[in-house]
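I opened my notebook for a first look at this protein. Below is what I looked up, in the order I went.

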Amino acid sequence: MPIVDLVLPKLGESIMEATILKWHKKVGDTIQLDETLLDIATDKVDSEIPSTAEGTITEILFEVNSVVPIGTVIAKIDAKNASEKTSLISSTPITTPSPAIVKVEIEDIPFTPPATPANTITNTNSDQKFFSPLVISIAQSEGISMQELQEIVGTGNQGRVSKKDILAYITNKKAGRVQPKHSNLQEQTIATKPTQIYNEPLPDFMQNVANQKLAQPEEVIISGNVEIVEMDRMRKLIAKHMVDSVHTSPHVTSFVEVDVTNMVVWRDKVKSLFEKREGTKLTYTPMFIEGIAAALEQFPIINSSLEDNKIIYKKDINIGMATALPSGNLIVPVIKGANQLSIVGLSKAVNQLATAARNNQLKPSDTQNGTFTVTNVGTFGSIMGTPIISQPQVAVLALGAIKKRPVVVETPAGDAILVRHMMYLSMSYDHRIVDGAQGTQFLAAVAKNFEAWDVNRQWFQYL
């Protein structure tokens, strides 16, 4: 019988590796075609990977919790039929595995910024040990240099340092049971303390601050009636991505106030008939996304990414919408080709993705290839926010709460004070490639699209 190599399939353009969570079979077990072989976790969602051949498992090459690059052989099967489908061993990239049951849960595989600072840990010597991105991330956060990392004895496959190994090393090091051979810049105290500013002695309170070692998270004193809860995997990943994004992109946030009275009036007028006719609810989100997509067509720099010194302009407008999960975490499903959809298509896409997210039914493709992100902070009562960019995008827009306020309005008869439905838009953008003028002009274009909404619009003419 032929031996079939099963490789980790391609799950999307932005996914380069995955973590093995569980093997459903062991060596010697038989497996059927399309039967679930293992569970994996990416930086988007968790998936069940089916077998592409029928036979007996002869070898499993990676243990649970191993971080495996896409396209790597993970198991071998003694197939019953050489003509069995073995598309996973061809050079043609594989699309999302079918059928994959997806749970919205994320492994802490960190985002790696496109430009690597000089003092970060990288694997540049082929003779050195290989370290997974997860291990490197932990080492960076704990101030462990590459030289020190090389000294750690690994218990993983082929002597690799696993997450368990590095965490045990860190624990022993903090307890004083390990003395690294190489000094660590991040652990050194300040060698020379500032004593003067403009030739004047520092005040006593500033001298005290200068003499102190910077506080570390583990030095926080816990007292009183407290409850300590470990963050779940998704929250750890969100935290990591937020910190990485701030370290990668210099954030600037612009604000604009918008009169959305026309949108409110139109929605109130048609929402009942819309739901009855189209079979889906009409919320403000698809209305906002329509106006945002139109503005993105005018300002392609906002729909781009930065790689080294190259600006990548995205021709597709795929808008991600931050969605709250029952756990309190957030996930960002993506509406593909948002500028090509009618208000009906946008409504159905928004409602379907939001429902799938809340029921843990998103597919890996549902969270991939976003080019711009929208977060509706107004849902929770906030009038504005300063959101953090979802890398590698260059901007994110926050929608504030809609509030009634008296506003001065110009009329043919002169200025008048009227009650209007007002909201704030706030957009954070990457100041490396988006200047204040461009960011503000885009935000003004979005506001103009919102305010120009036709209160007499007949949506069914646009089907």
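This is a predicted model: local features need pLDDT of at least 70, side-chain atom pairs count only at pLDDT 80 or more; totals for chains, interfaces and linings use all residues.

In which helix is the place of A437? I found A437 in helix α9, residues 436-451.

Residues are numbered from 1 along each chain as its sequence is written, and side-chain values use heavy atoms, with hydrogens and water left out.

**Entry: A437.** I looked up its cover next. A437 has 47% relative accessibility, so it counts as partly exposed; buried means under 20% relative accessible area, exposed over 50%, and partly exposed in between, with a 1.4 Å probe and protein chains only.

**Entry: the whole protein.** I counted nine helices and 22 strands. Of the 463 residues, 41% are buried. For contacts (heavy atoms within 4.5 Å) with a separation of 6 or more, I noted that 65% come from residues 24 or more positions apart.

**Entry: α7 against α9.** I have these two helices packing at an angle of about 135°, with their axes 9 Å apart. Axes are lines fitted to C-alpha atoms, for helices over the stretch in contact, and angles run from 0 to 180 degrees between N-to-C directions. That angle makes α7 oblique to α9. Under 35 degrees counts as roughly parallel, over 145 as roughly antiparallel, 65 to 115 as roughly perpendicular, and the rest as oblique. On the α7 side I listed M287, F288, G291, I292, A294, A295, L296 and Q298, and on the α9 side F442, A445, V446, N449 and F450. By class, that contact has ten nonpolar, three polar and no charged residues. Here Ala, Val, Leu, Ile, Met, Phe, Trp, Tyr, Cys and Pro count as nonpolar, Asp, Glu, Lys and Arg as charged, and the others, Gly among them, as polar.

**Entry: α7 against α8.** Helix α7 spans residues 284-298 and helix α8 residues 343-358, and I read about 125° between them, with axes 9 Å apart. α7 and α8 are therefore oblique to each other. T285, P286, M287, I289 and E290 of α7 meet I343, L346, S347 and V350 of α8. I sorted this contact into six nonpolar, two polar and one charged residues.

**Entry: S347.** Is S347 buried or exposed? At 0% relative accessibility, S347 counts as buried. Leaving out residues up to four places away in sequence, I found S347 touching F274, T280, K281, L282 and P286.

Entry: Most residues other than glycine have a negative phi, and most peptide bonds are trans.

- The peptide bond from Q391 to P392 is cis, with omega near 5°; P392 is in the loop between β19 (372-375) and β20 (395-399).
- D308 has a positive phi, near 55°, and lies in the loop between β13 (304-307) and β14 (310-313).
- N369 has a positive phi, near 65°, and lies in the loop between α8 and β19. At 35% relative accessibility, N369 counts as partly exposed.

Technical notes:
Helices (H or I, at least four residues) and strands (E, at least two) are DSSP runs, numbered from the N terminus.
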